[in-house]
Amino acid sequence: MSNLNAAVSARSAPAEAPPIAPALSGRAARFRVDARLLPLAVTLALFVLMFGAGSLLFDGFFSLQVFLNLFVDNAFLVVTAIGMTFVILSGGIDLSVGSVIALTTMLSATLLERHGVNPAAVIALALLLGASLGFVQGLVIQTFQIQPFIVTLAGMFLARGLCYLISIDSIAITNPFYTRVSALRFSLPFDTSISMNVVIALVVLAVAVYLAHYTRFGRTVYAIGGSEQSALLMGLPVARTKVLIYTLSGFCSALAGIAFTFYMLSGYGLHAMGMEMDAIAAAVVCGTLLTGGSGYVIGTLFGVLIFGTIQTLIMFQGSLSSWWTKIVIGLLTLVFCLFQKAFERGSARRSASR
Amino acid sequence: MRAPSLGVEAVPQPLRRVMRKRIFWPLATLALLLLFSLATNPHFFAVTIRDGHLYGSLVDILNRASPLMIIAMGLTLVIATHGIDISVGAVVAISAAVAATLIGGELVLSGAHVPRFPLPVVVLGALAVATLFGMWNGVLVSLVGMQPIVATLILLVAGRGVAQLITSGQIITIYYSPYFLIGNGFVLGIPFSLFIVAAVLAVLAFLARRTALGLFIEAIGLNPIAARFTGIRARSITFWVYAVCGLCAGIAGLIVSSNVKSADGNNAGLLLELDAILAVVLGGTSLSGGRFTLLGSVVGALIIQTLTTTIYSVGVAPEVTLVVKALVVFVVSILQSDRVRNRIAALGQIGEAAP
């Protein structure tokens, strides 16, 4: 129970997740704060290490543009992974994100190219569709108390199937607004630039950090992840929050889908295949516990950046094949899970020995 | 996080009826689907003998469903321990890649194709590698204590990379004809893959129902701590269950690669894990662990394949299958949920009390 009290009083220490173990005496508590930030610090250090190694090994790796390209090429993943982080923080999982992205690209492409709908209306419609898909999934999960895993699996099938109902082939987008946004670059100092997607991703990130750490909604999410039973007993709006979490994730996926449409300029049912796993892995790598209740939204950004760095490293290396990306990402996820496990055991032993 | 079950299972008297019900609903679904297919295509049930082999839609469904049936059986045991294995598709790809690599992909234009290794070595090698990957999952889940979905997620992500590593990113075509028996051949007029399915079912059903192993697995799924206190070696059983699931995926990989005569690290067994989970759920095994039915999962796999074949034969775009599958999962999981079950059980009690 006490960890939930801590969750509610998180206003005083907004940047921290609620402690995993009960509140402790002064010295131990200070250690606990460090320990909680440890996964985040490790992720950050790993990112710096990998980027540094790349800079030492390859000419032209150490440049601001290479760093910024990590954002440019992975902006949509950042947006999805942030939605996913909220779901995972609450102890759930959302497998439908990849296919919702594909559905968004497909819907946008067909509405723009075949029906000549106004881009603004298309974007609004896509966001509405994503949010409603998430809402329905959340509603089913909450009302019937079914595992999120199986419900979002069905959502995944549904969204992919709907893509193919629209069209089996890829649809190229030639709409002037979309092509202009796709080519749009915001200049930064030192001859570098970022795309519109990066701006979208950064705005989403800022909003998500605010939501997670400075609002009642965010604290309720952490509380549900810590223990749903306790959150209920505390009188927190568990049902409403859970439905909202999946709605948020659906909305983020649709937004990521729009960013993906800008990036690819086409709609295709096979887009973003398996991206749900990338998003989950990004959240895990940065120390979000899949059991819920612990983790940071900002960490997810570093998770995605680490992925981007691995891809860039393999690209610069040249002779390594693309499948090494998958193997390295798998191994990294493993290392982080083992690390989390050791950390959990350590804290369990400490609290048991007292 | 399961709601207290005050359903029919607690009552010993209707226990048998519930047992029958478990396999009854999947079978009824399958029968309904088959009847629907018959309505759209009068020749659907027709089975003819051509070249001494059985031919027909039903034989085709059985043959095509065989990899899924085998995987679903392995997965049933995993799910019964309250676990999940989402890496089976990746293990299928790995097993296919190992088999294709051991055979070797050079096309010999004159004379018979000579494989790099004899067929038994090829089969055993692929199965051994697949079992090793299953054991890897088992170690992570039972010894390290990782959540099953995370542990197998790692292999799901990395496994496809490993498969491509084995085949060096190529799609290896298999030219060695004796290997085709596994997925394409006929013995006594019946597809050979069905013999494999029958053998796997027989072995697993024997282990689960004629020994205490099935009971132990159910006990672990219902309450692992209680199971350990009663003296069940929960860790080692969980470990072996994952190893068996890997082995099943390996067998399926052999069938798949033999059927399409190639190994594609990227696409072999893609999304198969989801179909397998669907088959298990359709078969009546609850995702929250505990009681399981191997035969139900086999029927579940047949339902999925019948659905696909029916949609093909009706002439709708095959991609629509996904939408139908999605709706089926929604309906079945809602029907299986504690809330709906309790309501139905309550209705049944009122009905029983009335007369």
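## Two crossing helices

In chain B, the axes of helix 8 (residues 213-222) and helix 10 (residues 234-260) come within 10 Å and cross at roughly 105°. Helix 8 of chain B is therefore roughly perpendicular to helix 10 of chain B (65 to 115 degrees counts as roughly perpendicular). Axes are lines fitted to C-alpha atoms over the stretch in contact, with angles from 0 to 180 degrees between N-to-C directions. Helices are DSSP runs (H or I, at least four residues), numbered from the N terminus.

Helix 8 of chain B brings Phe216(B), Ile217(B) and Ile220(B) to the contact. Helix 10 of chain B supplies Ala234(B), Ile237(B), Thr238(B) and Val241(B). Contact requires C-beta atoms, placed from the backbone, within 7 Å.

## Model and numbering

This is a predicted model: local features need pLDDT of at least 70, side-chain atom pairs count only at pLDDT 80 or more, and totals for chains, interfaces and linings use all residues. Residues are numbered from 1 along each chain as its sequence is written, and chains are lettered from A and ligands numbered from 1 in the order in which they are written.

## Gly161(B)

Gly161(B) sits in helix 5 (residues 148-166) of chain B. Gly161(B) counts as buried because 23 C-beta neighbours lie inside 10 Å (the cut-off is 20 or more other C-beta atoms within 10 Å). Beyond four places in sequence, Gly161(B) touches chain A: its contacts are Trp323(A), Trp324(A), Lys326(A), Ile327(A) and Gly330(A). The C-alpha atoms of Gly161(B) and Gly265(B) are 7.7 Å apart, yet 104 residues separate the two along the chain.

Conventions. Buried ≥ 20, exposed ≤ 12 C-beta atoms within 10 Å, placed from the backbone. Contact = placed C-beta atoms within 7 Å. Parallel < 35°, antiparallel > 145°, perpendicular 65-115°, else oblique.
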